[in-house]
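Thanks for coming. I have one structure today, and I will start with how its two chains meet. Please put it up.

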Amino acid sequence: MTKDVAVLGAGMHPWGKWGRSFVEYGTAAAREALADAGLDWRDIGSIVGADTVRGGYPGYVAGATFAKALGWQGARVASVYAACASGAQAIAAARAQILAGLADVALVVGADAAPKGFFRPAGGERPDDPDWLRFRLLGATNPTYFGLYARRRMAVHGDTPEDFALVKVKNAAMGALNPYARYRKRVTAEEVAASAVVADPLRLLDICATSDGGAALVLSSMDFAQRHGVARPVRIRAVSTVTPRFPNTVLDLPDIATDSAAAVAADSESFRASIARAAYEEAGIGPEDLSLAEVYDLSTAMELQWYEDLGLCGEGEGAKLVREGATAPGGRIPVNSSGGLASFGEAVPAQAIAQVCELTWQLRGAAGDRQIAGARVGISANQGLFGHGSSVVAVR
Amino acid sequence: MSRTRTPSVAGWFIGDGDDFRLLGTRCSSCATVFFPREDVHCRNPYCTGGPLEEISLSRKGRIWSYTDSHYRPPSPYVSNPELPWEPYALIAVELAAERIVVLGQAAPGVTVADLTVGMEVEVVPGVLHEDAETTWTTWHWRPTGVRA
């Protein structure tokens, strides 16, 4: 078990399709996190940016881009890219610097200005890139993979499209209470069922949209927090950034095939489950200790998968959990109290940071109408393309 | 038509008709199979590595899962924006001998209504798209016993 780092500040730019630069979203989120922490930007010893590959050259050097926008002040800088796990890796990098004594207080920022419609690979003829290949050869968009996972759950576990819709209904009800969410309307099961099929069996309202958005955190050493007068901060206790173990036998984006288990038998634990286990082990807790979870609901069906991967229930019991209301506010383990991606949409480098913002507000008891009573321990779970784990445990 | 038939990707499949096969590689040291082919070094972390040999994959497998695509995929997928979009099915197929799951488009005319998880399918030659000079070929999955 490692030492904790304190979360002194959290901030966001509202999600949506605003048509502005990712720099503006990230800078707004950063200023809000700094104000929340009661710190001046010049107090920050290190800035870590989560990269956005769609932001052009400045997007690839996000840390320096945000530092320039906030005003050069000489801070240590880093930029990280890990696809959808970029935000968690940015948190991990800042945390490592703090625990190593390289910085007392660090700013973590992620922001994106997403394209309309499907995410797509970078341009050019690049047949050595698996992401390019899956589009060129198969036209396999992200939702087609979500459709494969959903259909597999229906065949193996007996889940139904109605079960999937329950996830959207639950998350939309929470998103309606979140001023940072893009979609702030409740949704009915009938509306989900009436929306267009995107990738059988999933419909438009089963799948998260692409969005603009930004999120930021101010992290510090526990000593700094004490000196700053914050006696009982929300603390980050674990950050899991693990890779899969060979052979990875669940078809993962963006691959066209799995690893073969012909020579080495597959572990019974899936990659997603190993992401959570690493976080639990580092934090010295188990699923029974959780007050809430923020999971990467790229699709409604995938949220059910995360219930199982986080150990909130046994394998195949995810649908039962949502049917029982266990993952709704007031239930045993509320999931996606923020409204999740169902309400936010995806702003790739920001999302894993936004999850920790929500954990922070919930653990402070400052989440307003969507507050989970008595929240003490929260986990985020997420996965980045090309084998990036992402999970954060926060406690109060 | 005098278009040249050219594989959409080199070295992934070979042959015609009933002789059509997906091509992968196998590590001569640990026998791990790779598709798409791995030609540089064995990726089994327990293996010190050996020469990688080209192999043909099993023609038949069972459906792990399937879906379809109701909206036109973005480039680099090639489709004619002048024509109305026709959804096509995608099938992930488990090959028993290789212990691997391989994704591919379903043969034309096969829809999700024709499929179930666990159903047997076979690999068949297919066309990805055509331009003025070239017919770009690919692999398709088709339920066994069905003829185009």
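Across the interface of chain B and chain A the rule finds one salt bridge, where a salt bridge is a side-chain nitrogen of Lys or Arg within 4 Å of a carboxyl oxygen of Asp or Glu. The pair is A:Asp259 with B:Arg43, and their closest N and O atoms are 3.3 Å apart.

Before I go on, the conventions. This is a predicted model, in which local features need pLDDT of at least 70, side-chain atom pairs count only at pLDDT 80 or more, and totals for chains, interfaces and linings use all residues. Residues are numbered from 1 along each chain as its sequence is written, chains are lettered from A and ligands numbered from 1 in the order in which they are written, and side-chain values use heavy atoms, with hydrogens and water left out.

Back to the interface. On the chain B side 44 residues are in contact with 39 residues of chain A, contact meaning heavy atoms within 4.5 Å. The area buried between the two chains is about 3500 Å², and carbon and sulfur atoms give 67% of that. Buried area here is the accessible area, with a 1.4 Å probe, that two parts lose on being put together, summed over both.

On chain B, strands β6 (60-68), β7 (89-95) and β8 (100-106) each supply at least two residues of the side that touches chain A. β8(B) gives the most to that side, with six residues. By class, the side has 29 nonpolar, ten polar and five charged residues. For the classes, Ala, Val, Leu, Ile, Met, Phe, Trp, Tyr, Cys and Pro count as nonpolar, Asp, Glu, Lys and Arg as charged, and the others, Gly among them, as polar.

Chain B as a whole has zero helices and ten strands. Helices (H or I, at least four residues) and strands (E, at least two) are DSSP runs, numbered from the N terminus. The C-alpha trace of chain B spans about 50 × 35 × 30 Å along its principal axes.

Now chain A. Over all chains the structure holds 28 salt bridges. One of them joins A:Arg237 and A:Asp4, with the closest N and O atoms 2.8 Å apart. A:Arg237 lies in strand β8 (residues 234-240) of chain A and A:Asp4 in the segment before β1 (5-16), so the pair ties together parts that are 233 residues apart in sequence.

Last, the backbone. A cis peptide bond joins A:Asp200 and A:Pro201, with omega about 5 degrees. A:Pro201 sits in the loop between β5 (197-199) and β6 (202-203) of chain A. Another cis peptide bond joins A:Phe246 and A:Pro247, with omega about -5 degrees. A:Pro247 is in the loop between β8 and α10 (271-283) of chain A.
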